[in-house]
Amino acid sequence: MDVVCSSRPLWAVLVSMIAAFLILATGEKNRNIRESWTIIAALIKFLIVFSMIPLILQGKVIEYTLFTFYPGICLQFRVDAFGMMFGLVASSLWIATSFYSIGYVRSLNEHAQTRYFFAFAMCLSSAIGIAFSANLLTFLVFYEILTIATYPLVAHKETPEAIIGGRKYLVYTLVAGCVLLFAIAMTYYLTGTLDFKAGGFIGEGSGSNGILILLFIMFILGFGVKAGIMPMHEWLPTAMVAPTPVSALLHAVAVVKAGVFGCLRVILYVFGPNLLHDLGLWILLAYFISITVVGAGLLALGQDHLKRRLAFSTINNLAIIILGAILLTKSSMTGGILHLANHAFMKITLFFCAGAIYVKTHKEYVSQLDGVGRQMPMTMGAFAIGALGLSGLPPINGFISKWFLCLGALEAKQIVFLFVFLTSAMLDAAFFFPIIYNSFFKKLPAGIVPHFDEAPMLMVIPITITALLSIIFGIAPDAFVSFFSIASLAVQNILGAG
Amino acid sequence: MAEQFPALIIVVPLIAAFFIPLIGWWKKQLCYPWVVAVLVVTFISSLGIINTVMTTGKFSYRLGGWAPPWGIEYALDYLSAFMLVIVSFISLMVAVYSKKSVEKELPEKTVPFYTLFLLLITGLLGIVITGDVFNLFVFLEISSLSCYALIAIGEEGAPIAAFNYVIMGTIGACFYLLGVGYLYVATGSLNMADLAVILPNMYHSKIILVAFAFFTVGIMIKGAIFPLHIWMPDAYSTAPSAVSALIAPLMTKVAAYVMIRIMFTIFQPRFSVETVPVMTILGWLSFIAIFAGGIKALAQTDLKKMLVYILVAEVGYIVMGVSVANKIGLTGAILHILNDAFMMACLFLIVGAISYRIGTRDIHKLHNLNKIMPFTMGAFTITALSMVGIPPACGFFSKWYLILGTIEAGQWAFAAALLCSSLINAVLFFRVIECAYFKPMEPAYANDGGETHMAQRDEAPLTMLVPIVIMAAGIILLGIFSGNIISSIIQFAVPASF
């Protein structure tokens with residue numbers, strides 16, 4: 001594989017970190033300047049990431065070594081196809097989230113906005129760091145920064161509820177961080193290296209089967225917390241006390257995706273398909289994940305709080321991504337990796353809508369949404385697109401990834417998982433369609449005349465764009481940033497090596 | 001000049017200490033610049049020494065030209081040069097910081113304070129630099145005696161605490177001296193290098209065994225190693241702020257240094273590890289120390305008391321790294337001496353600044369501290385994250401090596417203790433952070449657009465703030481450059497027999 005040395009991955013990480021400190025330095029007094037840092041950094045970051053696509057598509061990887069921690073372990077960036085996928089999703093959606101955030105916090109006149117934007121930029125910086133890490137230790141460094149940077153966002157509202165949400169978040173993620181640290185130290189002890197390698201770097205003889213199985217369980221526990229695998233998902237619905245752009249970020253852009261990304265890295269780049277087959281771990285994890293897929297779907301049905309319902313839908317979809325990867329077939333992996341991106345676009349649309357509804361009407365519960373579609377047709381239209389996409393309806397991008405996932409289940413000759421995928425799609429439909437129906441076809445509560453009254457433009461435009469992108473990626477999966485080619489390339493690398 | 005640095009580093013502060021009463025008698029305000037100037041000279045000397053060691057390897061300095069083993073020899077290798085830099089740098093920072101806090105806490109006692117302060121530092125530097133076990137005792141007592149007095153001039157309860165410390169410290173010194181006596185009787189030598197040559201032939205001797213036991217217990221008392229730390233919490237928490245900030249990071253670390261010296265330089269690892277089960281005992285004691293310190297810290301509401309108990313746990317880290325007795329564990333221990341010295345110094349400096357400004361150290365009364373003292377709290381957050389072990393702060397890296405060391409030694413319980421301890425630290429520090437950042441005093445300004453008028457910014461004075469910020473920046477830099485520190489210094493500081 002051709003290696004290109006370039007500092008571009010470093011700059012992609014640094015640009016938002018620098019912006020974070022500029023934001024802090026600018027402070028509350030010069031709001032417009034402060035916000036412009038966010039926007040500028042978001043755009044530059046996206047351009048840097050975007051500029052690396054051609055090289056990746058040629059099958060090259062981009063490397064940059066920053067420091068040596070210890071002989072054999074460096075703080076090193078390596079952009080490969082899979083990392084590119086996550087990097088693209090995070091950096092492109094940050095642009096949308098930035099505009100939306102500005103609209104949101106200004107409409108609600110939130111407090112501590114500087115802290116908010118600072119933490120936001122740090123989150124994105126670490127998300128890109130995670131995407132481009134070349135080894136497990138670098139990964140962990142950014143993963144932990146992400147954990148901490150998200151905390152002030154979760155506890156942002158400073159109400160007792162928010163503080164408890166923040167605490168819960170920290171407890172779950174820091175414990176997971178410790179488990180990971182141990183697992184990584186163990187990996188280093190067993191293999192003497194931590195570098196990700198398509199198809200896995202842990203050889204058969206690195207340790208006894210028992211140790212390797214334990215190691216795998218620890219990795220999945222560690223990353224599974226952020227990925228919301230049941231029964232470690234509890235923090236995620238609780239964290240819904242955070243402002244909506246934060247939830248959108250948590251769910252679609254950075255945090256939970258980082259968890260899923262970590263799981264996939266472990267499955268495909270640390271252990272690798274061959275070892276997982278030999279140890280028989282894949283089928284165990286597949287069944288374990290299926291519980292989350294179906295369980296989260298069922299739980300979502302019972303949620304009246306809109307954001308909590310979305311949270312459970314996220315848990316459900318993340319589990320699908322992991323399930324796709326662990327089935328270890330060509331189509332399922334392609335589907336899983338694609339769904340990482342597709343889910344992001346759809347879910348961020350849904351959260352943006354939830355936020356827009358809150359800003360305009362202060363409604364948070366599904367049962368209050370009767371007739372909102374007549375008041376906010378654009379928002380609810382976008383909501384409908386996202387919801388339909390998650391239920392797997394063509395021509396929205398969710399259909400494509402789900403199609404590949406289903407194919408993958410068949411390729412793995414495991415018909416059970418085909419039903420898991422289909423059930424999950426149906427559950428998605430079951431908990432989203434009532435919202436769409438109620439908001440468009442039920443009447444507003446008596447006394448309120450339906451009139452066009454949308455959220456601020458800074459919010460509606462990002463919503464429309466992400467919704468449209470969901471459709472565009474459904475019709476042309478390779479549009480703009482070649483998600484589909486990159487995903488296939490990643491899978492090709494993994495299978496080619498393994 | 002350059003070859004006289006080893007003499008200068010001791011003689012300059014020693015002589016300067018005796019000039020302070022004269023200077024203070026003439027003009028009281030001159031004490032502070034005098035002490036700072038002296039410590040700058042010390043710091044430069046220490047840099048000169050480490051530079052010489054790094055370019056030409058280890059060397060020794062014969063005091064008065066007398067040849068060892070009769071004369072006193074200053075042995076300068078990587079470990080002692082490394083310790084000299086730590087001690088002299090942190091004392092310089094604390095000295096810079098001391099101005100305002102001494103003016104406020106000890107307005108009448110400035111002159112004796114600075115005299116004792118310099119003597120204490122001389123003692124610490126002497127312990128580190130000397131290559132003679134009896135000379136080490138002399139410096140140990142210089143530092144201890146000045147330390148007793150410095151603690152006794154502290155706040156309410158300090159005399160009693162200092163008295164306890166005198167009793168315990170004297171017992172410790174006696175044990176150490178007895179150890180020296182036994183060794184002298186058996187070998188006729190006091191020179192460390194000489195002893196290291198003579199002793200291996202006598203490892204079967206009971207006298208040597210007893211001497212080793214006396215050394216161990218003596219150092220455990222002096223270094224507040226669990227369970228002989230009982231004098232420490234009261235003594236360190238009632239001492240004046242500037243004194244706590246000096247002794248908390250340095251006394252314990254220097255004792256840890258002496259322990260490493262005795263166990264791995266004077267005695268060979270094969271004696272310390274194999275002949276007696278001292279490593280196993282120390283390992284399990286530190287295991288208990290980590291939990292006991294952490295749990296006691298949880299019970300404190302006084303920030304300084306909390307830190308003191310955390311210090312018990314942190315000393316446990318270092319002892320644990322020593323006790324696993326392998327190269328990587330010892331690397332972690334030595335790295336943690338450096339990192340923990342920085343973190344503890346920074347924390348104690350911050351606590352001093354908080355009580356200087358706010359007048360309380362109760363962690364439940366620190367509301368809105370981030371608005372009142374933003375820089376101090378920023379530094380506190382960085383240090384807290386480092387204590388929890390969030391990369392890229394330095395605490396993460398020492399923990400990483402310590403965990404690798406315990407894994408290599410097959411001590412799973414120790415690895416678990418280290419991980420649990422970071423979680424306990426997370427609880428401890430996030431309790432404070434939560435209170436300072438996220439708990440508003442009045443609900444009134446939860447939604448007032450970010451502008452607060454209640455909490456006026458009232459940052460610590462510049463002489464206090466500058467050392468705090470330097471230390472906090474140091475914590476990040478030490479983390480980032482930990483790889484370089486290890487490859488250029490620490491890997492040579494680990495005794496060659498590993």
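Here is a short tour of the structure above, from overall shape to a few local details. This is a predicted model, scored at ipTM 0.88 and pTM 0.91. Chain A has 20 helices and 3 strands, and its contact with chain B draws on 27 residues from chain A and 30 residues from chain B.

**Overall fold of chain A**

- The C-alpha trace of chain A spans about 75 × 55 × 45 Å along its principal axes.
- A compact globule of 498 residues would have a radius of gyration near 23 Å, and the 21 Å found for chain A agrees with that.
- Of those 498 residues in chain A, 62% count as buried.

**Where the chains meet**

- On the side of chain A that touches chain B, strand E2 (61-70), helix H6 (136-154) and helix H7 (160-191) each supply at least two residues.
- H7(A) gives the most to that side, with 11 residues.
- By type, the residues on the side of chain A that touches chain B divide into 20 nonpolar, 4 polar and 3 charged.

**The strand pair in chain A**

- E2(A) and E3(A) run antiparallel and are joined by 7 bridges.
- Within this pairing, A:Thr65 stands opposite A:Gln76 in E3(A).
- Strand E3 (residues 73-79) of chain A is largely enclosed by the rest of the structure, because 6 of its 7 residues are buried.

- A:Tyr151 sits in helix H6 of chain A.
- With 23 other C-beta atoms within 10 Å, A:Tyr151 is buried.
- Beyond its neighbours within four places in sequence, A:Tyr151 is in contact with A:Gly166, A:Tyr169 and A:Leu170.
- A:Arg167 is 16 residues from A:Tyr151 in sequence, and their C-alpha atoms are 8.4 Å apart in space.

**The largest nonpolar core**

- This core holds 407 residues, and A:Met85, B:Ala345 and B:Cys346 touch the most other members.
- Helix H14 (residues 327-357) of chain B gives the most to the core, with 20 residues.
- Setting aside neighbours within four places in sequence, B:Cys346 is in contact with B:Ala379, B:Thr383, B:Ile468, B:Met471, B:Ala472 and B:Ile475.

**Backbone details worth a glance**

- A:Met230 and A:Pro231 are joined by a cis peptide bond with omega about 5 degrees; A:Pro231 is found in the loop between helix H8 (209-227) and helix H9 (235-238) of chain A.
- Another cis peptide bond joins A:Pro394 and A:Pro395, with omega about 0 degrees; A:Pro395 lies in the loop between helix H16 (377-390) and helix H17 (397-411) of chain A.
- B:Ala224 has a positive phi, near 55 degrees, in a residue other than glycine. It lies in the loop between helix H8 (206-222) and helix H9 (232-238) of chain B, and B:Ala224 is buried, with 26 other C-beta atoms within 10 Å.
- B:Asn368 is not a glycine either, yet its phi is positive at about 60 degrees. B:Asn368 is placed in the loop between H14 and helix H15 (369-372) of chain B, and is buried, with 21 other C-beta atoms within 10 Å.

**Confidence in chain B**

- Chain B has a mean pLDDT of 87, and 96% of its residues reach 70 or more.
- Over residues 443-453 of chain B, pLDDT stays under 50, and the model has 18 contacts beyond four places in sequence for this stretch.
- Where pLDDT is low, predicted coordinates should not be read in detail.

How values were computed
Residues are numbered from 1 along each chain as its sequence is written. Chains are lettered from A and ligands numbered from 1 in the order in which they are written. This is a predicted model: local features need pLDDT of at least 70, side-chain atom pairs count only at pLDDT 80 or more; totals for chains, interfaces and linings use all residues. Two residues are in contact if their C-beta atoms, placed from the backbone, lie within 7 Å. Helices (H or I, at least four residues) and strands (E, at least two) are DSSP runs, numbered from the N terminus. Ala, Val, Leu, Ile, Met, Phe, Trp, Tyr, Cys and Pro count as nonpolar, Asp, Glu, Lys and Arg as charged, and the others, Gly among them, as polar. A residue is buried if 20 or more other C-beta atoms lie within 10 Å of its own, exposed if 12 or fewer, and partly exposed in between; C-beta atoms are placed from the backbone. The radius of gyration is taken over C-alpha atoms; the globule rule is 2.2 Å times the number of residues to the power 0.38. A nonpolar core is a set of buried Ala, Val, Leu, Ile, Met, Phe, Trp, Tyr and Cys residues joined through C-beta atoms within 7 Å. Two strands pair if DSSP finds at least two bridges between them. pLDDT is the predictor's confidence in each residue, from 0 to 100.
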